[in-house]
Amino acid sequence: MREAGDVREAWARVATWLERNDPGVFTALGGPGSPEAIRRAEQRMGLELPSDLWQWLLANDVDADERTDPRETLVERGCDVPVPGGHLLLGLEDIQRVYLHQLDMERMEPSEDPDCPLWRHEWLPIAAERDGLYGTFLDTAEGTIGTWAEACAPEEGVYASLSAFFHQAADLLEGVSTGDWSGPGAPARPLKRDEPRPEDEAVRRWARAHGMVVNDRGRVPSSIREAYEVSRR
């Protein structure tokens, strides 16, 4: 069983760094979550959330202050915290919205291989693009972190736990060397979610030449990137 305290420690590293170096994003994290709201979300989704996710949502919920920011997108709020994958970190309301959307999509158009569906009931989104086509999920049954992308098979087990995911985010914030944070002496910021890596276009061209499906925007799946790197050795 994963210890909830590990998540509190990992998330505290992220929140502390943001409070010191990017107070705007820190404020956007929202206030403490509500146990009642989390229980309502469990009932709505028909899914019991693991203890580590409870601890994270109780610490900060992007939607906790109930500010409205209507958008014509699946993700209505989201917080631009630099996390692995570069997606928007979701609050409880957006988690529910994206989860139910992904589940409905799988039900309406079932995956050809039932053993490898594009979405499982136990996967819970924790970060996503505004359109929901790319994102990061927590496997509530296994406790691991995976990713999904349009027209690509989901990647499971990318991180061992929610704690490992947030520790990686904190490592990036504390030691990254690309981009710029404002302020004298501030450490550099990682690439923003919409900012492509310099080598992405070369990877896309190689993938298409080898019959692989890859989108024109967003994150290149790590499986394709790894295959590209192997081909260059």
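The questions and answers below go through the helices and charged side chains of a predicted model.

Residues are numbered from 1 along each chain as its sequence is written. Because the model is predicted, local features need pLDDT of at least 70 and side-chain atom pairs count only at pLDDT 80 or more, while totals for chains, interfaces and linings use all residues, and side-chain values use heavy atoms, with hydrogens and water left out.

User: How many helices and strands does the chain have?
Analyst: Helices (H or I, at least four residues) and strands (E, at least two) are DSSP runs that are numbered from the N terminus. From that end, the elements run α-α-α-α-β-α-β-β-β-β-α-α-α. The chain has eight helices and five strands.

User: What share of the 233 residues in the chain is buried?
Analyst: A residue counts as buried under 20% relative accessible area, as exposed over 50%, and as partly exposed in between, with a 1.4 Å probe and protein chains only. By that division, buried residues make up, of the 233 residues in the chain, 46%.

User: Why do the buried residues of H3 line one face of the helix?
Analyst: In helix H3, which covers residues 35-45, the buried residues are Ala37, Ile38, Ala41, Glu42 and Met45. Seen down the helix axis, and taking the directions from that axis to the C-beta atoms, these buried residues line one face because they fall within an arc of 145°.

User: Which residues are exposed on the other side of H3?
Analyst: The buried residues of H3 pack against helix H4 (51-59), H5 and strand E2 (123-128). On the other side of H3, the exposed residues are Arg40 and Gln43.

User: How are H3 and H5 oriented to each other?
Analyst: Axes are lines fitted to C-alpha atoms, for helices over the stretch in contact (heavy atoms within 4.5 Å), and angles run from 0 to 180 degrees between N-to-C directions. The axes of H3 and H5 come within 11 Å and cross at roughly 5°. Angles under 35 degrees count as roughly parallel, over 145 as roughly antiparallel, 65 to 115 as roughly perpendicular and the rest as oblique. H3 and H5 are therefore roughly parallel.

User: Which side chain of opposite charge is nearest to Glu106?
Analyst: Glu106 lies in helix H5, residues 92-108, and is buried yet has no salt bridge, a pairing that needs a side-chain nitrogen of Lys or Arg within 4 Å of a carboxyl oxygen of Asp or Glu. Lys and Arg count as positive and Asp and Glu as negative, while His and the chain ends are not counted. The nearest side chain of opposite charge, 8.6 Å away, is that of Arg120.

User: Where in the chain does the salt-bridge partner of Arg97 lie?
Analyst: The side chains of Arg97 and Glu76 meet in a salt bridge, at 3.4 Å from N to O. The pair links distant parts of the chain, 21 residues apart, with Arg97 in helix H5 and Glu76 in the loop between H4 and strand E1 (88-89).

User: By about how much of the helix are Asp104 and Arg107 separated?
Analyst: Asp104 forms a salt bridge with Arg107, with the closest N and O atoms 3.9 Å apart. Because Asp104 and Arg107 are three residues apart in helix H5, their separation is about one helical turn.
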